Amino acid sequence: MTKKSVKSSKETKVKSANPKKDISIKDLKEKIKSEEEKYLRLFAEFENYKKRTTKERIDLYKTAGKEVIQGLIPVLEDFKRALNPETGKFDDAEGINLIYNKLSESLKSQGLIEIKTEIGEDFDSEKHEAISQIPAEKKEDKGKIIDVIEGGYSLGDQIIKFPKVVVAQ
């Protein structure tokens, strides 16, 4: 009888039907190690991505109004020039109108739209804010706007300031 040699488990090769696919445990451990390294790199890359996007989001919130503020600075400077330095009051009505138009155009360029509200229009609680109700003189005036106290504004499709109106009851 011949003596069988016993090999340690580390030296054993796994043999498959295809001789080209002989894989040793050492090769498998190396493959596992490389996959673990890929996983760790991918995980670290994802963590860096999360940190970077969080930082970018915070920076965006800090500078979200930057364009609006930059558009309003020239208007502020125009108001300074329009003030009479001796009296501290505005002397020129035409200059004030020019500043108003400049401010209005600056805000429109940022997407601000004035909500048109007419006296006699039906009151709509989705578009108006009733600050007072007055008894109607005529039955057909009931539920209609009889006075506009303050205008309203929307930014895109969203109303950011409802027009304040007085409604006939």
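Let's start with Ser132, which is partly exposed at a relative accessible area of 29%. Partly exposed sits between buried, under 20%, and exposed, over 50% (1.4 Å probe, protein chains only). This is a predicted model: local features need pLDDT of at least 70, side-chain atom pairs count only at pLDDT 80 or more, and totals for chains, interfaces and linings use all residues. Residues are numbered from 1 along each chain as its sequence is written, and side-chain values use heavy atoms, with hydrogens and water left out.

Ser132 belongs to strand β4, residues 129-134. Strands (E, at least two residues) and helices (H or I, at least four) are DSSP runs, numbered from the N terminus. What does Ser132 touch, beyond its neighbours within four places in sequence? Val165, Val166 and Val167. Contact means heavy atoms within 4.5 Å.

Three strands form an open sheet in the order β3-β6-β7, with antiparallel pairing. Pairing takes at least two DSSP bridges between two strands. β3 (112-115) and β7 (158-161) are the edges; each has a single partner strand, so one side of each lacks a neighbour in the sheet. Three bridges join β6, residues 152-155, to β7. One detail there: Ser154 has Ile159 in β7 as its bridge partner.

Last, helix α1, residues 25-62, which holds Phe43. Phe43 is partly exposed, with a relative accessible area of 43%. That's the tour.
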